[in-house]
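Hi there,

Here is the structure I promised to pass on to you. Have a look at it first, and then read my notes below.

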Amino acid sequence: MTNVIAHSLFSDFDINLFKAGKHYRLYEKFGSHPLTVDGIQGTYFAVWAPSAKQVSVVGDFNYWNGKNHQLYVRWDASGIWEGFIPHVGKGNLYKYKIHSNHNGVVTEKADPYARRNEHPPKTASIIWDYNYKWKDAQWMRKRKKHNALDAPYSVYEVHLGSWKKQVEEDRYLSYFELADELVNYVKDMNFTHVELMPIMEFPYDPSWGYQITGYFAPSSRFGYPEEFKYLVDKLHQNNIGIILDWVPSHFPEDAHGLGFFDGSHLYEHPDPRKGYHQDWKSLIFNYGRNEVKSFLISNAIFWLEQFHVDGLRVDAVASMLFLDYSREDGQWEPNIYGGRENLEAIAFLKELNEEVYKSFPDAQTIAEESTAFPGVSKPVFLGGLGFGMKWMMGWMHDTLEYFKKDPIYRQYHQNDITFSLAYAFTENFMLPLSHDEVVYGKNSILGRMPGDEWQRFANLRLLYSYMFTHPGTNLIFMGGEFGQYNEWDFQSSLDWNLLDFEPHQKFQSFFKALNTFYRETPALFEKQFSHDGFEWISYDDHQNCVMSYIRKGKDPKQDIIVVCNLTPTVRENYKIGLPNSGKLKEVFNIDNAEFGGSGISNKRALTIKKESWNGKPFSAKIKLPPLAITIFQFQT
């Protein structure tokens with residue numbers, strides 16, 4: 001062991017916090033850290049392996065020989081092995097070779113805290129440190145305004161590997177290239193945020209990034225960690241927020257990953273009823289183990305602190321909350337109170353959100369949660385899980401079911417499209433039309449729409465306009481904004497060639513205009529999570545398939561009236577009730593010919609009469625274009 005010098009970055013306080021599950025900056029201590037000790041340059045290594053009897057660092061600097069660089073185990077029963085190796089530094093490849101006390105098992109693992117990994121299918125960790133100077137100070141100072149719950153959220157969900165490819169060279173775009181092409185495109189389309197499907201290092205492309213082995217390393221598929229920082233920086237410099245998909249729900253069994261790390265069930269729960277996910281053939285974290293809890297919360301903080309991300313969308317929360325998730329009777333064990341709730345996972349999620357909002361009050365956490373679990377987006381001190389927002393999966397299912405129906409049958413299903421408003425304010429909901437809705441034979445969103453080509457595009461405009469005028473924030477998957485016709489294929493680029501054709505060009509123009517109108521209309525976001533921000537005019541006109549409502553902001557003068565005609569029938573002199581007198585001016589019409597519509601509109605301001613209708617004291621007669629939403633404002 002003379003090739004390893006005894007050295008530690010851990011204080012007694014660090015160890016106590018780690019054991020208690022309260023250390024939320026473990027990346028500052030664990031992993032590989034280039035530094036100088038007694039005038040000698042080298043690298044400090046630290047890894048948690050409590051069931052090991054010997055841990056060695058193997059790498060390209062010692063011919064992957066496990067005898068040359070054995071780490072020292074700490075005396076404090078923390079299970080931490082550490083040491084300083086001289087003359088090893090940035091760019092060297094390495095793994096940990098672990099001899100277990102359990103049945104002589106020997107594992108060779110990538111570093112759980114590595115800042116960079118080899119390009120898959122290679123699996124070694126790479127010693128790395130950052131040398132990057134941020135230029136997003138202006139964004140960071142004001143992002144609280146951009147990320148607030150009363151701010152507009154139009155989120156563009158992106159899979160970096162298939163958004164666009166370098167066709168001539170048959171390769172991914174790099175982080176540097178994306179910092180130009182993706183950023184410019186998102187800015188031009190007027191989205192407020194980008195959400196990236198997991199960019200943490202993962203070994204298997206068909207997992208789309210949801211089977212992670214390198215929790216602290218941006219994927220090497222697209223370049224160096226500093227280049228990912230450059231992409232984030234460029235987004236911020238263009239006033240675009242970035243949300244990362246984050247996966248604390250499960251991890252793969254790959255030999256170099258976290259599974260059976262030191263010959264024991266270290267990161268995963270030892271009971272397969274709690275530690276193995278049958279659907280995804282993956283392992284589930286042991287949320288009751290303090291050190292694992294510290295690992296996960298430290299990882300969340302890492303991306304917020306080191307990479308300036310503005311939020312985390314937490315994947316598969318439902319699978320974490322319930323012990324019987326996707327399990328038959330006899331395949332799960334009730335909690336100590338006889339219930340199905342995973343109490344340890346619930347406690348972990350609460351602690352995660354408390355720490356995130358304590359350290360980064362200007363960030364957001366968003367839960368992908370599909371059940372009726374109460375209080376997901378309520379603060380922990382009020383008994384909730386503490387997320388900022390929750391995906392509105394019920395709205396997504398009901399809305400897509402409704403829109404795929406031929407308009408002739410929609411009169412019998414009006415409740416499908418209006419039901420979401422019965423519970424819209426029980427959580428801070430984000431409305432998602434995500435990647436999950438355009439794979440596995442579900443068809444693209446455009447491909448679901450009924451009718452001929454004109455009607456399909458009209459229905460698509462109607463769907464997205466209904467989404468953006470419904471209470472809540474909005475997320476769409478890439479390609480939706482120009483009418484991607486085929487299902488998403490993670491191996492191929494989006495079909496950008498579709499923009500050579502007029503219907504797709506016009507639809508893209510519509511979506512850009514929709515984003516612009518949304519961002520410039522405070523009534524659509526200032527009270528998006530409050531009953532005060534929404535009022536029905538009529539939801540029960542089943543026969544005509546028309547619904548109308550008022551969206552309200554902080555200034556009543558800026559309220560808007562939204563009227564949805566869900567059939568291709570043009571309706572002349574359609575009467576709606578109104579709360580105020582004066583005149584009504586059309587301010588947005590998705591049937592605009594520039595968008596591919598028929599061009600039917602209310603060109604002049606409409607007189608409001610003192611005739612009660614729809615339970616309102618005043619009313620007006622308007623013209624409803626086919627398969628369209630028309631939006632009005634009061635004029636005094």
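**Salt bridges and cores**

Searching the whole structure turns up 32 salt bridges. Please keep in mind that this is a predicted model. As background, side chains with opposite charges can pair when their charged atoms come close.

Let's start with Asp129, which pairs with Lys90; their closest N and O atoms are 3.5 Å apart. This bridge links distant parts of the chain, 39 residues apart: Asp129 lies in the loop between β9 and α2, and Lys90 in the loop between β5 and β6. Asp129 counts as partly exposed because its relative accessibility is 32%. Lys90, at 41%, is partly exposed too.

Next, look at Arg313 and Glu195, whose side chains meet in a salt bridge at 3.8 Å, N to O. Arg313 sits in strand β19 and Glu195 in strand β13, 118 residues apart. Are these two buried or exposed? Both Arg313 and Glu195 are buried.

Another bridge joins Arg289 to Glu291, at 3.9 Å from N to O. Arg289 has a relative accessible area of 26%, so it is partly exposed. Glu291 has 15%, and since buried means under 20%, Glu291 counts as buried. Salt bridges with shared partners also connect Glu195, Asp245, Arg313, Asp315 and Glu368 into one network.

Now for the nonpolar side. The largest nonpolar core has 182 residues, and Phe228 and Trp163 are among those touching the most other members. Leaving out residues up to four places away in sequence, Phe228 touches several residues, including Tyr175, Leu196, Trp303 and Phe307. A second, separate core has 17 residues, among them Ile550 and Phe632.

Enjoy exploring!

Conventions:
Residues are numbered from 1 along each chain as its sequence is written. This is a predicted model: local features need pLDDT of at least 70, side-chain atom pairs count only at pLDDT 80 or more; totals for chains, interfaces and linings use all residues. Side-chain values use heavy atoms; hydrogens and water are left out. A nonpolar core is a set of buried Ala, Val, Leu, Ile, Met, Phe, Trp, Tyr and Cys residues joined through side-chain atoms within 4.5 Å. Buried means under 20% relative accessible area, exposed over 50%, partly exposed in between (1.4 Å probe, protein chains only). Contact means heavy atoms within 4.5 Å. A salt bridge is a side-chain nitrogen of Lys or Arg within 4 Å of a carboxyl oxygen of Asp or Glu. Helices (H or I, at least four residues) and strands (E, at least two) are DSSP runs, numbered from the N terminus.
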